[in-house]
Amino acid sequence: MKSLCRSTTSARRATTKSAASARKGGGARRSKLKGEAVAEIFRRFAVENPEPKGELESVNSYTLLVAVVLSAQATDAGVNKATRALFKIANTPEKMVSLGEAKLREMIKTIGLYRNKARNVILLSQMLIEAHGGKVPHDRDALEALPGVGRKTANVVLNVAFGEPTMAVDTHVFRVANRIGLSNGKTPLAVEEDLLGLIPPDAGVHAHHWLILHGRYVCKARRPECERCIIYDLCLFKGKTA
Ligand code: SF4
């Protein structure tokens, strides 16, 4: 999906809110890594993968929002399998509402929690039509007011659809940040605040995807593949495998 990045008042508000939140949470104070090491970690990620992309498929900001809502406690691959057909016939809130909850439920029944998710997708689509002219709002509070949309989903949409330097902390980001030493946060919000306070500004937009991809393919939950890790010498994890 093409980035819809535009600098607007709401964009500045969302970023300012994140930064303020990071400062409030203590930001870099929770990291055991020095600033130069953090910069070097993100420099290496950038060299290895200059334009990282998420793996959830979407065709516009609306389908991105729907895909992220559907992905809670489900794999990206599982969501993509169901949404390929769905987004061919329902790629706008209006078309989704016309499709209806029963047909939507049938189309996403392979995804966990599909009944609740179908209800939320129809409700959020109605809300987008009624309150936002059928558009996905570029505003954290408005996004989080949508049914089924929490902080993590709002962060993904702000990042991918609007180019905001937000940090959506999923299971991979949480694990990787704690292992490397970027954070010792015990909650997703604490880790998000630490990362927002640490990440160099020029890495802000891509940092979320770099950490997710690193966690998914290298720093895996059960056995991190430290022997092929490009930040091995900088990582502080005591359980390094090589
Ligand atoms: S060295 Fe191992 S534990 Fe540390 S980030 Fe790399 S894969 Fe993860």
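**Helix contacts, ligand shell and confidence**

Modeller: Let's begin with a helix pair: Val66, Val69 and Leu70 in α3 meet Lys117, Asn120 and Val121 in α7. Keep in mind that this is a predicted model.

Colleague: Thanks! How do the residues of that contact of α3 with α7 divide by class?
Modeller: Four are nonpolar, one is polar and one is charged.

Colleague: And at what angle do α3 and α7 pack?
Modeller: The angle between α3 and α7, the latter covering residues 114–132, is about 155°, and their axes lie 10 Å apart. Angles over 145 degrees count as roughly antiparallel, so α3 is roughly antiparallel to α7.

Colleague: Is that crossing of α3 and α7 left-handed or right-handed?
Modeller: α3 and α7 cross in a right-handed way.

Colleague: Nice. How does α3 pack with α9?
Modeller: Helix α3 (residues 61–70) packs on helix α9 (residues 151–160) at about 150°, with the axes 10 Å apart. Those two are therefore roughly antiparallel to each other, and their crossing is right-handed.

Colleague: Which residues make the contact there?
Modeller: From α3 you have Ser61, Leu64, Leu65, Val68 and Val69, and from α9 there are Thr153, Val156, Val157 and Val160. By class, the contact of α3 with α9 has seven nonpolar residues, two polar ones and no charged ones.

Colleague: Switching topic: which residues come nearest to the ligand?
Modeller: Of the 13 residues around the ligand, the nearest are Cys219, Pro224, Cys226, Cys229 and Cys235.

Colleague: And what classes does the shell around the ligand have?
Modeller: Ten of its residues are nonpolar, three are charged and none is polar.

Colleague: Last one: what pLDDT does the protein average?
Modeller: The average is 89, and 88% of the residues score at least 70. Over residues 1–28, though, the pLDDT is below 50.

Colleague: How many contacts does that stretch have in the model, beyond near neighbours in sequence?
Modeller: Residues 1–28 have 45 such contacts.

Terms used
Residues are numbered from 1 along each chain as its sequence is written. This is a predicted model: local features need pLDDT of at least 70, side-chain atom pairs count only at pLDDT 80 or more; totals for chains, interfaces and linings use all residues. A residue is near a molecule or strand if its C-beta atom, placed from the backbone, lies within 6 Å of it. Ala, Val, Leu, Ile, Met, Phe, Trp, Tyr, Cys and Pro count as nonpolar, Asp, Glu, Lys and Arg as charged, and the others, Gly among them, as polar. pLDDT is the predictor's confidence in each residue, from 0 to 100. Two residues are in contact if their C-beta atoms, placed from the backbone, lie within 7 Å. Axes are lines fitted to C-alpha atoms, for helices over the stretch in contact, and angles run from 0 to 180 degrees between N-to-C directions. Helices (H or I, at least four residues) and strands (E, at least two) are DSSP runs, numbered from the N terminus. Angles under 35 degrees count as roughly parallel, over 145 as roughly antiparallel, 65 to 115 as roughly perpendicular and the rest as oblique. A crossing is left-handed if the near helix is turned anticlockwise from the far one by less than a right angle, and right-handed if clockwise.
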